[in-house]
Amino acid sequence: MNHFQTILTQVRMLLSSHRPSQVQALLDNLLAEELLSREYHYALLHESDGEALARKISLTLLEKGDPDLALLGWIWSGLQAPTAERDPSYKDPGGSEQCPTMELGPLEGSYLELLNSSADPLQLYHLYDRMDLTGEEEIELCSEPDTDTINCEQFSRLLCDMEGDEETREAYANIAELDQYVFQDTQLEGLSKDIFIEHIGLEEMISESVEVLEEAGQKSQKRPFPEEVPVDLKHRKLAPPSSSLLSCLSLPAGSIQIIPTLPTLPQGLWPISGTGTGVSSILIYQGEMPPASQTPPSSDPAVQSLPKSPDRPGSASPFAPSAADLPSMPEPALTSRANLTEDEMSPTKCPAADRASSKLPKWPESVEQFYQSLRDKYQAQPAGPEGTLVEMELVRVRLEKSSGKSQERELATLDWAERQPAQGGLAEVLLAARDRRQPRETRVIAVLGKAGHGKSHWARAVSRAWACGQLPQYDFVFCIPCHCLDRPGTSYRLQDLLSSLGPQPLPVDDEVLSYIVRRPNRVLLILDAFEELEAHDGSLHSAGGPGSAEPRSLRGLLAGLLQRKLLRGCTLLLTARPRGRLAQSLSKADALFEVAGFSAQQAETYVRHYFESEGTAEHQERALALLRAQPFLLSHSHSPTVCRAVCQLAEALLQRSGEAQLPSTLTGLYVGLLGPAARDSPRGALAGLARLAWELGRAHQSGLKEDRFPSAEARAWAVAQGWLRPTPGAPETELAFSSFLLQCFLGAVWLALSGEIKDKELPQYLALTPRKKRPYDNWLEGVPRFLVGLVFQPRAGCLGALAGPAASALADRKQKVLTRYLKRLQPGTLQAGRLLELLHCAHEALDPGLWQHVLQGLPARLSFLGTRLTPPDTHVLGRALEAAGRDFSLDLRSTGVDPSGLGSLVGLRCVARFRAALSDTVELWESLQERGEAKLLRAVEEKFTIEPFKAKSMKDVEDLGNLVQIQRTRSSSEEAAGELPAVRDLKKLEFALGPVLGPQVFPKLVKILEAFTSLQHLDLDSLSENKIGDEGVAQLATTFPQLKALETLNLSQNNITDVGACKLAEALPALAASLLRLSLYNNCICDAGAESLAHVLPDMVSLRVLDVQYNKFTAAGAQQLAAGLRKCPQVKTLAMWTPTIPFGVQEHLQQLDPRIILR
């Protein structure tokens, strides 16, 4: 008997004749009785296909061992009206007016024993499908009623007995866990399916001959849609949706149901029969209804009675599927349904379903309490400036091989046009790693950014979004500050990690932990400030097991997470700085994003929000005017930390009388913030706090405990001034500096005031010259600039305002030491990053002599290739170039400079030439043209150069093609500005895309080659071999008439045969007047190709060097080349050694003509 088809038929009827709210109630009851997992219930609520929903519910009931629908009828009975309220004319379709019952004695043993017994369930219960048979369309279900049935009350008692049996519940739990374990590995798909089907024993052969009447197709097309049929709880009419339209006809042999469209079945007719369904035969047909003359096949095909599970391939188990495995499971936070009409929504969708989707019922009480406590914790919105952070933009980034000898990969510096902003926001970030991992694999996502750029604010915003119901795909989100975990030597368990959430940690008991461990795919774990765990940088190589109960070290716990053994299947989100010893962990991330910082518009928005939150909105415009008056601070406002410090100082200045002015350096900014409070500080409080900042920075830490303060008064003073604040997620006794830049400034104050620092050690903290022994790691990266500013700026307004006149003598001595060191430096020998740091230090010093020394040492050609240029970098660099009074050439490729910064640099008169990414430059030209700055546009076009150009990617060739297209467009217009200098003056072009992309992209390069009329060197050789082949050579040969200035043509290692060599020889006379060097090294040229080249040699009057080594021509080809060489007195060298020529022949030819080179 085909139990599945029996159940499926009845479930289709029930679903099609009820409202969506009733269908949702049915699913809720199935969940309440633990017939569905929460994830599967959630997926069924959002199932858009009615047929798929029916099949999934049927499969669930089949697995629960209820083939005759008594369980379904019992659950559905709660949704129907009482029998006493039914219409008196109602008649049971089975023919009886009352449902006879059978008295059952007390059950012996558990319900599991009853299921395993040999008793026929049909002798215990039977479901009568109650429906009105009114209207034109009637359904006649003919079957003989069973005499022994069980009513709903008795069945309820039966289930209560089952629930009260602890042994039974444990047995079913073990079965569910075993099922989840067996089918979680897709590699065992085929084996698991065979084993499961073999043991369930439901493979049957079903055959039944049926006949189709002529009226079948017509009647099936008359069935109304569900929206057209009034639905009543008392009087229900069967009206299935059009996707699974049902029609029944009265036949002598019984009734037949014709299902015109079932997309899950293959094309054809399947006769299916089964007892106990009220239907003797069912004809299933996919596609259009067959005509009356068509007769079903009389053969008896074997029908698979147990279809595949809707969630796992090859598995028939619907229990506890992973949410990531459900193909139909939507994620409301990640997909928008705003534009969908009601007809496009799921048939089970209703307003109640929307409410139910955000809060799924039937959680254990302890889990529900923990969930609510976690939500309440994250829903708290920070007040004041902490809550005014403007939404940050995230940009996709990638890793690339390090430029040094190390095998580690580092963060790539992308051109501005290559940036890929995460337009989808949080949804795109959380979905970014989905394609990289299998459904049950842990997904690791890293969000990087410099200190103070807002990574921690963003992480807390993610947890707040979950608490507000915006991430329903996760049951739990844990945002854990990593500085709370940095406890070396402490033994950790998983629940200790999950409860490290704040001053009042939420205890994770065993029941909550068990729930989380069983559903890791519903967990989002955020490790904020991952760089705080640098003391545990060996986590990736430590032993980490999958167990969650046994204690282990923090390193072992991190290893279990990063190696995807612990909480396997969760989403792991890391926020960290892009540098440090933990950078190796980035290679394990499935997706990388970077916090981009504020744009100019976002910085102004932040300033407005700040003053609105402080209740001083009248100061907004004046504060913005003060900021715009200091371009250096305005460029630093891309950092939220600096932007907030500027707002605090501007607020203090505007509250005083008189004219206000912001300082021009970062040192002056923080002196202005800390100076007034330092005058009233307890004795030694500032020096003690500065020492703590330095010592913590050396240990790569930012949090400090209460017992480390010099006194309670110093601690209270620092907290009152806002310099220290409770650490988010740490005990109340632990404090942290309000910002990383403040810690750097205080660390520099300690270096400037301390007598413990030896004079000879002071220059190393500027980190301008590398040290081979015990190098300074510069974790406090802001210290060098602050140190120079504190030591060199005038005492009264800087260091004296912090420490008083007593610090002057010590600062004078340190100034002399740093002056000698800085003036010994040669800026032209420094790397690009260190040269920028030197410029920043000289700017902070406000010392004219030091500034002029640095400017005089700047080289005329400055290359910042591969070095990130931030807005402050471009401002200081532009100021230095303008003050130097000389012409410079800049290489700004792969710097990530923004369009405004690029425009400000290349627009300087002192910049005579510059190189930048082609896409960025074209974008700059278009921007200048839109703004009507024609004069600046012409100047920028004249300065731009691409000499020499090396194409290493498809993007390079495409950008070069765009540049040529711009020139062609301008040349064809009436207002032609002539040729672009970058195209006109290009002399050397290299093509190195390798054997895969080379043959594909080379035709695009050939199409634009004729535009480079000044091209002298065309190099098509690559270490990885481009292999353009004979076809590429033939295409290249067509451009020779336009390349009249070509002097060097390198076609080495391109898989050229005799065909290509002959094509090349035919076209070479077009280059006879210019070509000096021709290389065909390491190709496949044989005697025919060598002969063609020998014949054209006398025509190449300018040729000086020909290289045909490592080809395949023999002695005959070599003799032909030697004969041609004798006719070319202008040729100086012919390199033609190849292993296919006998050595004696080569020596003989060399003796005849010494211009032949064999090695």
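Gln1109, in the loop between β27 (1105-1107) and α41 (1115-1126), is in contact (heavy atoms within 4.5 Å) with Leu1080, Tyr1081, Asn1082, Ala1135, Met1136, Trp1137, Leu1158 and Arg1159, once its neighbours within four places in sequence are left aside. Its relative accessibility is 12%, so Gln1109 counts as buried, a word used here for under 20% relative accessible area, with exposed meaning over 50% and partly exposed lying in between (1.4 Å probe, protein chains only). Helices (H or I, at least four residues) and strands (E, at least two) are DSSP runs, numbered from the N terminus.

This is a predicted model, in which local features need pLDDT of at least 70 and side-chain atom pairs count only at pLDDT 80 or more, while totals for chains, interfaces and linings use all residues. Residues are numbered from 1 along each chain as its sequence is written, and side-chain values use heavy atoms, with hydrogens and water left out.

**Backbone features in loops**

Most residues other than glycine have a negative phi, and most peptide bonds are trans. The loop between α34 (934-943) and β22 (949-951) holds Pro948, which is joined to Glu947 by a cis peptide bond with omega of about -15°. Positive phi values in residues other than glycine are found at Glu1025, near 65°, and at Gln1053, near 55°. Glu1025 belongs to the loop between β24 (1017-1019) and α38 (1029-1037), and its 24% relative accessibility means that Glu1025 counts as partly exposed. Gln1053 belongs to the loop between β25 (1048-1050) and α39 (1058-1067), and with a relative accessible area of 13% this residue is buried.

**Helix packing**

Two packed helices are described by the angle between their axes and the distance between the axes. Axes are lines fitted to C-alpha atoms, for helices over the stretch in contact, and angles run from 0 to 180 degrees between N-to-C directions.

| Helix pair | Angle | Axis distance |
|---|---|---|
| α21 (residues 640-655) and α22 (residues 666-679) | about 50° | 10 Å |
| α39 and α40 (residues 1087-1096) | about 10° | 8 Å |

Angles under 35 degrees count as roughly parallel, over 145 as roughly antiparallel, 65 to 115 as roughly perpendicular and the rest as oblique. On that scale α21 and α22 are therefore oblique to each other, whereas α39 and α40 are therefore roughly parallel.

In the α21 and α22 pair, Thr641, Val642, Ala645, Val646, Gln648 and Leu649 of α21 meet Leu666, Leu669, Tyr670, Gly672 and Leu673 of α22. The residues of this contact divide into eight nonpolar, three polar and no charged; Ala, Val, Leu, Ile, Met, Phe, Trp, Tyr, Cys and Pro count as nonpolar, Asp, Glu, Lys and Arg as charged, and the others, Gly among them, as polar. In the other pair, Asp1058, Ala1061, Cys1062 and Ala1065 of α39 meet Asp1087, Ala1088, Gly1089, Ser1092, Leu1093 and Val1096 of α40, and here the residues of the contact divide into six nonpolar, two polar and two charged.

**Nonpolar cores**

A nonpolar core is a set of buried Ala, Val, Leu, Ile, Met, Phe, Trp, Tyr and Cys residues joined through side-chain atoms within 4.5 Å. The largest nonpolar core has 265 residues, of which Phe478, Leu790, Leu963 and Leu1049 touch the most other members. Helix α25 (residues 740-753) gives the most to this core, with 11 residues. A second, separate core of 20 residues includes Phe4, Val11, Leu26 and Leu36.
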